[in-house]
Amino acid sequence: MCCNRVMFKQFMQANALEFCQIDSARIGGVNEILSVYLMAKKLNVKVCPHAGGVGLCEMVQHLQMWDYCSVSCTMEGRMVEFVDQQHDQFTFPATINENACYVAPRAPGYSTELKDEAIVQFEYPQGSEWKRMFGEGLFKPENY
């Protein structure tokens, strides 16, 4: 896992990567990610984004579709992780079709808008779920 385009460039130039697995939550934004895609294309490295965490599936679907339409123009040797959990917390969740492919979003934006009820439930430390866990002694507020 590399945190910026410079590290990705160094690894790619050293032929140290067969697959580039960007993590859109840990790298410096969309422009940084797009530069990694372009370097990967130039250096013939396949990009297969990490999408195992909350909201990552929603984020990387756009990036990989952009790669297919504008940069690599292929799905050969490319894939995107999919974890089927917590999509219900998003206004426009990522979906997968019967062929195990992401379905292109129809709404504008990055698909990461949380539902209001998700924020009420999970906002730290005032969310109802945090209050429940503190009340049950699962977590102590002073430790977080």
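Gln89 touches Glu113, Leu114, Lys115, Ala118 and Phe122, leaving out residues up to four places away in sequence; touching, or contact, means heavy atoms within 4.5 Å. You'll find Gln89 in the loop between helix H3 and helix H4 (116-122). Helices (H or I, at least four residues) and strands (E, at least two) are DSSP runs, numbered from the N terminus. Keep in mind that this is a predicted model, where local features need pLDDT of at least 70, side-chain atom pairs count only at pLDDT 80 or more, and totals for chains, interfaces and linings use all residues. Residues are numbered from 1 along each chain as its sequence is written, and side-chain values use heavy atoms, with hydrogens and water left out.

**More on Gln89**
- Gln89 is buried, with a relative accessible area of 17%; buried means under 20%, exposed over 50%, and partly exposed in between (1.4 Å probe, protein chains only).
- Along the chain, Gln89 and Asp116 are 27 residues apart, and their C-alpha atoms are separated by 8.8 Å.

**The whole chain**
- The protein chain has five helices and two strands, and they follow the pattern α-β-α-β-α-α-α along the sequence.
- Of the 144 residues in the chain, 31% are buried.
- Take the contacts with a separation of 6 or more: 60% of them are between residues 24 or more positions apart.
- The accessible surface comes to about 9100 Å², and 53% of it belongs to carbon and sulfur atoms; such areas come from the Shrake-Rupley method with a 1.4 Å probe, and for residues only the protein chains shown count as cover.

**Helix H3**
- H3 covers residues 56-71, which is 16 residues, and reaches 21 Å from its first C-alpha to its last.
- That reach is close to the 22 Å expected at 1.5 Å a residue, where the expected span is 1.5 Å times one less than the number of residues.
- Among the buried residues of H3 are Leu56, Met59, Val60, Leu63 and Val71.
- The cover over the buried residues of H3 includes helix H2 (30-42) and strand S2 (46-47).
- Just after H3, Cys73 takes a positive phi of about 55°.

**The nonpolar core**
- The largest nonpolar core has 22 residues, and those with the most contacts inside it are Phe8, Met12, Cys20, Ile22, Val36 and Ala51.
- Helix H1 (5-13), H2 and H3 are the elements that give two or more residues to this core.
- A nonpolar core is a set of buried Ala, Val, Leu, Ile, Met, Phe, Trp, Tyr and Cys residues joined through side-chain atoms within 4.5 Å.
- Leaving aside neighbours within four places in sequence, Ile22 is in contact with residues including Phe8, Ile33, Val36, Tyr37 and Leu63.

- Most residues other than glycine have a negative phi, and most peptide bonds are trans.
- Asn15 has a positive phi of about 55° although it is not a glycine; Asn15 lies in the loop between H1 and strand S1 (19-20) and counts as exposed at 68% relative accessibility.
- Gln86 has a positive phi of about 65°; Gln86 sits in the loop between H3 and H4 and is partly exposed, with a relative accessible area of 35%.
- The peptide bond from Tyr124 to Pro125 is cis, with omega near -5°, and Pro125 lies in the loop between H4 and helix H5 (128-135).
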